[in-house]
Every structure is written in structure tokens, then in C-alpha cells.
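Me: Could you walk me through reading a fold like this one, feature by feature?

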Amino acid sequence: EAQQSVWTLHASGNILMQPNATASAEHLNHAPEKLRAHMVAASAGQHVEDMARRGLHYGPCFQGLVELWQHERENLARVHLHESVVAEAQQYRLHPALLDLCFQALLAGQVLNRDTYLPVALGRVQGFAHSTADGELWAHTRITASDATKLLGDIFLRDEDGHLLLEARGLELRRMPRDLNAKIADWFYEVTWQPQPLTQQVAKH
């Protein structure tokens with residue numbers, strides 16, 4: 001009898017179709033200029049360096065955080081997709097690289113320790129319009145709760161005029177201790193050549 005395949009569940013969720021969905025009045029339309037009026041400019045380049053120190057080395061497609069403003073636990077980041085994925089972005093309601101940039105915007109400059117934080121859960125995500133691949137986009141984020149093991153936050157993706165494109169609430173990021181990186185090195189196989197004695201005499205030329 002053939003062995004039955006066993007499926008491993010990695011993620012689960014519910015999808016609801018709401019054609020007339022609207023955002024809360026608090027977050028419906030806010031121009032970037034208004035959002036950053038109470039914020040202070042920060043270094044977007046420093047964010048990439050901070051992530052590298054935590055073991056997250058982003059390639060070109062994930063280095064689209066161009067400008068950053070902060071106020072306490074609130075961030076506003078101008079983001080754009082790398083030219084190599086702009087064409088294929090039209091096939092997505094939200095390109096995965098753009099979603100990752102939104103996750104980065106939540107963490108940028110907010111975590112004081114050097115541990116890595118990875119997304120593990122999302123309470124609710126709601127889309128209101130397709131994001132433009134070649135337009136100016138803004139990720140407005142805020143950390144709503146945190147403790148020694150995790151962060152919780154909300155993300156609002158807007159176009160250049162402040163219109164809300166996507167609302168993601170209840171994003172949970174779990175802390176991965178620094179010493180875990182050393183343990184991960186033992187999880188992978190590698191090819192190791194083992195010397196063996198010759199079984200036959202090598203022919204002389």
C-alpha cells in the first residue's frame with residue numbers, strides 16, 4: 001500500500017468579499033504632508049544597516065524604503081518597488097515585495113535591541129484599491145503593543161494623495177533571539193567529501 005501523503009499546515013485564514021467596504025473615518029484619507037507634520041525625519045539608509053545587523057540582508061527588490069519620518073511609535077515611510085518587479089506588479093493586488101516593505105516600515109527605527117523580528121500573524125487585511133506599481137506610495141504604521149517577545153502593529157498603505165489603498169491590522173512580529181542564528185547553522189545538510197583508500201592499483205603511464 002502506497003504511503004499516504006501528509007500535509008503540513010503553515011498558515012490559515014478567512015477571505016470575505018465586501019465590494020462596498022470602507023475604511024474607518026479616522027484613517028480614510030490623509031495626505032502625507034499632514035501625516036508627517038508632527039514627525040521627525042529619520043535615515044532610511046540606517047534602517048537597511050540595522051536590519052543587516054539583525055541578520056536580515058535584503059536584496060534590491062526589498063530595499064524600497066526611500067524616506068522615513070517618525071514620532072514615538074508611529075512611522076511614515078515613502079516606498080517604491082524596484083524596477084525589476086514593476087512590470088509583474090500589475091498582476092497582483094498587492095505585490096509581495098511591497099507588502100514586505102510595509103512590514104519593514106513598521107519596524108524601521110523602532111526596535112532598540114538587535115534581535116530579529118519576524119511576522120507570524122495578521123489579524124485583518126482589507127484592500128480598497130489597487131496599488132500603482134510606478135507611483136509614489138506611503139506606508140503609515142504604528143506599534144500598538146509590545147512586550148519582551150513580540151510586537152503588534154497596524155499598517156495603512158496610501159497613494160501620493162493620501163487615499164487609503166490597504167489597511168492591515170493586528171500584525172504580530174515575534175522576536176527571534178540572537179543565539180538562534182548559531183543553532184540554525186546545524187539545521188542544514190552539506191556535502192562533505194570523505195577520503196577513501198583506492199581499491200585498484202593506479203595504472204602507470
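Me: Before we start, what should I know about the model and its numbering?

Reply: It's a predicted model, where local features need pLDDT of at least 70, side-chain atom pairs count only at pLDDT 80 or more, and totals for chains, interfaces and linings use all residues. Residues are numbered from 1 along each chain as its sequence is written, and side-chain values use heavy atoms, with hydrogens and water left out.

Me: How many helices and strands does the chain have, and in what pattern?

Reply: Helices (H or I, at least four residues) and strands (E, at least two) are DSSP runs, numbered from the N terminus. Here you get 5 helices and 7 strands, arranged along the sequence as α-β-α-β-β-α-α-β-β-β-β-α.

Me: Why call β3 largely enclosed?

Reply: Start with the cut-offs: buried means under 20% relative accessible area, exposed over 50%, and partly exposed in between (1.4 Å probe, protein chains only). In a regular strand, side chains alternate between the two faces of the sheet. In β3 (residues 74-79), 5 of the 6 residues are buried, so the rest of the structure largely encloses the strand. Across the chain, buried residues make up 34% of the 205 residues.

Me: What about a residue in a helix, say Gln 104: buried or exposed, and what is it in contact with?

Reply: Gln 104 sits in helix α4 (residues 96-107) and counts as buried because its relative accessibility is 3%. A contact means heavy atoms within 4.5 Å. Setting aside neighbours within four places in sequence, Gln 104 contacts His 47, Tyr 58, Phe 62 and Leu 65. For the chain, among contacts between residues at least 6 apart in sequence, 68% join residues at least 24 apart.

Me: And how many disulfides are there?

Reply: The count is 0, where a disulfide would be a pair of cysteine sulfur atoms within 2.5 Å. As for burial, Cys 102 is buried because its relative accessibility is 1%, whereas Cys 61, at 23%, is partly exposed.
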